[in-house]
Amino acid sequence: MSSPLAYTAIKEIPSIVNNLRNTFNTGLTKDVTFRKQQLKQLLMFMNDKRDDLMDALYNDLHKHKMESNIGELSSIIDECQYMIKNMDRLMKPVTTNKRFKMNALDKTIIRKEAKGVVLVIGAWNYPVNLLLMPVVGAIAAGNCVLLKPSEVSANTAAVISKFLPDYLDKRAFSFVNGGVEETTCVLEQRFDHIFYTGNGVVGKIVMKAAANHLTPVTLELGGKSPAVVAPDADLDVTANRLVWGKFFNNGQTCVAPDYVLVSKDQQEKLIVAIRKTLLNYYTANPQKSDSYGRIISTRQFDRLKGLLDHYDASQIAIGGKSDRDDLFIEPTILKSISYKDEHIMQQEIFGPILPIVPVDNMEQAIQIINVRDQPLALYIFAKSASSYNNILDKTNSGGAVVNDTLMHLQELSLPFGGVGASGMGAYHGEKSFETFTHQRSTMIKSTGFENVLATRYPPYTDDKDTM
Ligand code: NAD
């Protein structure tokens with residue numbers, strides 16, 4: 001089947017970026033009325049093209065409308081409304097409390113300046129959200145934007161790049177579509193900020209390319225996010241929320257719980273609770289359930305099937321079946337997995353397979369988390385504050401949720417981002433505005449009091465040393 005997505009001609013890419021720079025230099029995007037109007041246009045696009053976006057997400061990922069709404073569309077609308085409402089406050093220059101006595105009579109302010117021309121590179125697993133959420137912040141902060149949707153979710157990329165240019169000012173917002181070759185050419189151009197979402201291998205390529213122009217980057221990456229089930233956890237609630245977060249979008253979520261750490265004597269009880277929840281959510285035949293998604297591509301399917309093939313009935317506690325023609329993998333729970341397991345514990349799973357790693361106690365769970373890269377998310381299921389605080393205090397992660405999964409992503413008052421191998425920088429809400437803003441320290445001196453201030457001029461003599 002031919003791709004629905006037309007790629008941008010590589011020879012056109014430098015002039016697309018140049019045009020954006022010329023527009024930025026006119027000051028068009030810095031105007032507050034322009035910014036608000038563009039965000040209103042984006043809201044109109046989200047409203048007018050809701051069905052087209054939902055259909056494209058279904059075609060790419062078999063996403064149910066509920067999942068498309070929760071995971072993709074609703075937060076973009078919320079973010080646009082937040083920025084329109086709060087932009088005047090966020091843009092306001094901040095006056096600092098001066099500390100140097102020679103500046104006592106002067107003005108010291110931090111101006112909130114747009115960075116310039118920014119590049120946003122999206123990933124395929126939430127192809128609307130991961131592309132447009134950062135764009136909202138970039139528009140609010142007064143930038144021109146080049147959008148590079150993921151070519152892997154081709155239907156969604158095609159819908160956004162076909163219709164969105166009719167809503168936004170084409171002088172200030174442009175698209176490049178394509179794969180590695182096109183993105184490589186894009187990355188050779190100079191930007192004032194690069195915002196990339198995707199895997200860490202490409203994250204390094206992006207950062208190296210940015211280094212050539214000393215361009216700042218935000219890298220929203222992934223990794224293995226653990227879920228720790230403490231001895232005092234409510235296992236039924238844990239199962240409901242763990243299963244929801246793991247199998248939402250078929251496990252293809254950057255903050256999906258990747259593996260579970262639970263004490264040895266609770267493993268079987270947790271599996272019983274998970275089995276019951278899976279039956280409630282997706283019935284005994286998940287392949288027929290509307291609520292259960294699909295793997296994005298045969299490439300990803302083969303990678304996941306390859307992982308599954310290392311395990312037999314002694315370790316597959318639930319599920320394990322698959323159907324390549326339908327890109328379907330049953331919700332699968334693996335049990336009694338060692339944290340050093342050489343297959344499932346080596347890479348981010350990014351699919352509907354959940355290994356359970358039994359531990360002797362919570363201190364061992366903490367050690368296991370700490371020997372690995374810092375994860376993007378950490379989930380702790382525990383009733384008592386001393387129980388979850390002990391784990392929070394002794395670990396680190398991009399974000400953390402106690403007694404749930406994924407919900408911190410939906411809460412836009414919380415900055416979202418990774419730490420170490422799971423990423424750098426953050427966004428959402430006020431943090432997005434900050435990410436795409438240069439804080440320009442500015443001093444406005446009076447021309448008076450020259451006699452007093454002249455003590456700093458040469459020739460330097462002991463009696464002048466008054467600073
Ligand atoms: P992907 O394949 O869609 O790639 C992301 C982008 O990188 C695409 O636009 C693609 O064109 C571009 N790209 C790919 N190869 C490139 C190359 N060699 N040079 C330049 N550009 C290139 O997505 P993916 O990387 O498979 O996404 C999955 C990963 O992203 C997972 O690790 C997941 O955890 C992570 N992720 C993180 C977040 C987050 O917010 N932190 C969100 C979603 C996904």
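The protein averages a pLDDT of 97, and 99% of the residues score at least 70; pLDDT is the predictor's confidence in each residue, from 0 to 100. This is a predicted model, in which local features need pLDDT of at least 70 and side-chain atom pairs count only at pLDDT 80 or more, while totals for chains, interfaces and linings use all residues. Residues are numbered from 1 along each chain as its sequence is written. For the complex, the predictor gives an ipTM of 0.95 and a pTM of 0.96.

Let's start with the whole protein. You will find 16 helices and 18 strands in it; these are DSSP runs numbered from the N terminus, with helices (H or I) of at least four residues and strands (E) of at least two. The radius of gyration is 25 Å, close to the 23 Å that the globule rule gives for 467 residues, so the protein is as compact as a globular protein of that length. Here the radius is taken over C-alpha atoms, and the globule rule is 2.2 Å times the number of residues to the power 0.38. Along the principal axes, the C-alpha atoms fill a box of roughly 85 × 55 × 35 Å.

How much of the protein is buried? Of its 467 residues, 46% count as buried. A residue is buried if 20 or more other C-beta atoms lie within 10 Å of its own, exposed if 12 or fewer, and partly exposed in between, with C-beta atoms placed from the backbone. Among contacts with a separation of 6 or more, 70% are between residues 24 or more positions apart.

UniProt, in an unreviewed entry, lists residues 16-440 as "domain: Aldehyde dehydrogenase". UniProt positions are given in the numbering used here, feature names are shortened, and annotations may be inferred rather than shown by experiment. This span is 43% helix and 18% strand, and its end C-alpha atoms lie 28 Å apart.

Now look at the ligand. Around the ligand are 28 residues, of which Ser150, Gly198, Glu220, Gly222 and Cys254 come nearest; a residue counts as near if its C-beta atom, placed from the backbone, lies within 6 Å. By class, the shell has twelve nonpolar, twelve polar and four charged residues. In this scheme Ala, Val, Leu, Ile, Met, Phe, Trp, Tyr, Cys and Pro are nonpolar, Asp, Glu, Lys and Arg are charged, and the others, Gly among them, are polar.

Which residues does the UniProt annotation "active site" cover? The unreviewed entry gives Glu220 and Cys254. Although spread over 35 residues of sequence, they cluster in space, with a largest C-alpha distance of 9.0 Å. Glu220 sits in strand β7 and counts as buried because it has 27 C-beta neighbours inside 10 Å. Leaving out residues up to four places away in sequence, Glu220 touches Tyr196, Thr197, Gly417, Gly418 and Gly423. Cys254 belongs to the loop between α9 (235-247) and β9 (257-263). Its 27 C-beta neighbours inside 10 Å make Cys254 buried too. With the exclusion of residues up to four places away in sequence, Cys254 touches Gly222 and Leu376.

Finally, visit some backbone details. Most residues other than glycine have a negative phi, and most peptide bonds are trans. Leu214, in the loop between α8 and β7 (217-220), has a positive phi near 50°. With 7 C-beta neighbours inside 10 Å, Leu214 counts as exposed. Asn403 also has a positive phi, near 65°, and lies in the loop between β16 (399-402) and α14 (407-410). Asn403 is partly exposed, because 16 other C-beta atoms are within 10 Å. A cis peptide bond, with omega about 0°, joins Pro458 and Pro459; Pro459 lies in the segment after α16 (450-453).

Key: Two residues are in contact if their C-beta atoms, placed from the backbone, lie within 7 Å.
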